[in-house]
Amino acid sequence: MTADTPAKYGGEPIREDVLGYGSQSITEAEKSAVLDVLDGDYITRGPTVEEFEDRVSDLVDVDHAIATTSGTTALHLAGRAAGFESDDEVITTPLTFAATAHTATYSEATPVFADIDPNRRTLDPESVRARITDKTVGLVPMHYGGHPADIEGLLEVADEHNLTVIWDACHAFGGSWNGEPIGSQRDMAVFSFHPVKNITTGEGGMVVTDDDDLARRLRHLRSFDMNYEPDGHESEPWYQVVEGVGYNYNITDIQAALGLAQLDRLEEFKQRRDEIITQYDDALGEISGIRTPPNPVESDPMYHLYAVEVRDELGCDRQEFVNAMHAENIGVQVHYVPLHFHPFFQEEFGYQRGMFPETERVYEGLVSLPLHPEMDDEDVEDVITAVRRLDAYHRP
Ligand SMILES: Cc1ncc(COP(=O)(O)O)c(C=O)c1O
């Protein structure tokens with residue numbers, strides 16, 4: 001055993017404390033913004049939520065932003081606003097979090113998986129085309145890790161078949177494609193503000209759109225599907241009308257205050273994420289057993305994940321890699337167990353392993369390394385050293 005022996009095989013762990021794969025970054029400015037709200041009149045949805053929505057709609061260059069309690073509830077609202085219903089089919093990617101597919105299932109529509117383009121790890125427009133039927137009404141692509149999907153190719157398919165497109169941009173807030181902010185593409189896009197995402201409100205999400213009718217529908221559904229200003233009741237200021245089955249997905253001013261303060265740091269966050277990615281790319285690009293994430297295509301992404309693929313040349317498989325990194329006290333994660341592997345999607349919709357070969361091939365090696373703006377250069381170096389140790393240990 002030498003000083004370079006990986007901890008999994010008897011060496012000393014590189015770190016004493018655990019480095020998480022993702023983390024929020026909160027400063028005194030954020031804390032005092034939250035405290036200010038607590039001293040004010042509104043602690044549920046009020047003027048600070050509106051201000052947060054306005055800032056995001058300006059940033060994303062869209063007419064409307066509707067804040068919700070999470071990315072998941074934002075996707076739910078988007079599917080309802082799109083009018084998805086039973087007997088409809090909605091095409092999406094299997095390499096994602098369950099909530100993406102639930103954009104369909106919440107509305108009792110069927111999620112239809114298509115395979116990914118392994119170079120972007122996002123929906124392949126040709127595979128989508130092959131899955132279209134006369135029941136297909138929608139498309140829910142996901143910008144994996146922040147890397148934009150093939151927006152042009154997917155919009156072309158959507159145009160050919162008159163599909164409503166809901167971009168799951170939960171990983172991609174703050175990025176751009178072809179000079180356009182991610183999220184500004186039609187018909188709707190959804191962001192998540194979970195603590196590991198590009199900015200956070202604790203829990204939180206947002207739907208953005210240029211479509212006035214969709215925006216009105218989203219706002220009503222967010223709050224009980226209630227019309228607070230119904231026609232014919234102008235002289236009865238208390239009169240509200242329930243128009244359908246809505247929800248209470250109201251985000252609070254407390255969360256919006258945190259979100260606004262985080263927006264002030266968006267550039268700082270992006271810059272730090274980009275610096276870490278450059279350090280990883282330079283060091284890990286030299287290891288033949290590691291495939292670094294795809295280079296951006298026509299875009300300036302804000303990456304949420306740095307997901308490498310472990311290849312045979314490393315001399316150990318993904319499972320051993322993950323456990324070896326954990327032994328070094330380095331938190332890594334796998335995004336995602338493909339959705340067609342899960343009992344729910346198999347039992348409800350008849351999916352089986354083997355159906356989406358590109359997704360499965362990418363998944364087999366996939367590991368997300370730590371990436372968040374709180375990481376300092378030493379943290380980054382620890383991750384690189386851990387991977388180099390493993391590579392050296394397994395080299396014949
Ligand atoms: C791709 C994707 N879509 C949707 C969601 C749901 O977002 P939230 O956790 O804010 O509900 C997540 C969350 O991890 C996600 O990664």
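How far is an oxygen atom of the ligand from an N or O atom in the side chain of Thr 72? In this predicted model, the separation between that ligand oxygen and the side-chain N or O atom of Thr 72 is 2.5 Å.

**The ligand and its surroundings**

The ligand is surrounded by 16 residues, and the closest of them are Gly 71, Thr 72, Asp 168, Ser 192 and Lys 197. For Gly 71, the atom concerned is a backbone N or O atom, which lies 2.8 Å from an oxygen atom of the ligand, whereas Asp 168 places an N or O atom of its side chain 2.7 Å from a nitrogen atom of the ligand. These pairs, together with that of Thr 72, are set out below.

| Residue | Protein atom | Ligand atom | Distance |
|---|---|---|---|
| Gly 71 | backbone N or O | oxygen | 2.8 Å |
| Thr 72 | side-chain N or O | oxygen | 2.5 Å |
| Asp 168 | side-chain N or O | nitrogen | 2.7 Å |

On its own the ligand has 390 Å² of accessible area, and the protein covers 91% of that area. The space that the ligand takes is the largest pocket. Two or more residues of the shell around the ligand come from each of the elements α3 (71–82) and α4 (98–105), and α3 gives the most, with 3 residues. By residue class, the shell around the ligand divides into 6 nonpolar, 8 polar and 2 charged residues.

**Two open sheets**

Strands of a sheet pair through backbone hydrogen bonds, either parallel or antiparallel. Strand β8 (residues 176–177) is paired with β15 in the antiparallel sense over 2 bridges, and Ser 176 has Asp 300 as its bridge partner in β15.

Another open sheet of 3 strands has the order β14-β16-β17, again with antiparallel pairing. Because β14 (290–291) and β17 (366–369) stand at the edges and each has a single partner strand, one side of each is left without a neighbour in the sheet. Strand β16 (residues 306–310) runs antiparallel to β17 and is joined to it by 4 bridges; Val 308 has Val 367 as its bridge partner in β17.

**Backbone geometry in the loops**

Most residues other than glycine have a negative phi, and most peptide bonds are trans. A cis peptide bond, with omega of about 5°, joins Arg 186 and Asp 187, and Asp 187 has its place in the loop between β9 and β10 (188–192). A cis peptide bond also joins His 335 and Tyr 336, where omega is about 15°; Tyr 336 is in the loop between α10 (318–327) and α11 (343–349).

Where does Asp 87 lie, and what is its phi? Asp 87 is found in the loop between α3 and β2 (89–92), and its phi is near 85°, a positive value in a residue other than glycine.

Conventions:
Residues numbered from 1 in each chain as written. Predicted model: local features only at pLDDT ≥ 70, side-chain atom pairs only at ≥ 80, totals over all residues. Heavy atoms only, no water. Near = heavy atom within 4 Å. Polar contact = N/O pair within 3.5 Å; in protein donor to acceptor, adjacent residues only side chain to side chain. Areas by Shrake-Rupley, 256 points an atom, 1.4 Å probe, with all protein chains shown as cover. 1 Å grid on protein atoms, 1.4 Å probe; cavity = no way out; pocket = protein on both sides within 12 Å on 5 of 7 lines; lining within 4 Å. Sits in = over half its atoms within 2 Å of the grid points. Nonpolar A, V, L, I, M, F, W, Y, C, P; charged D, E, K, R; others polar. Pairing = 2+ DSSP bridges.
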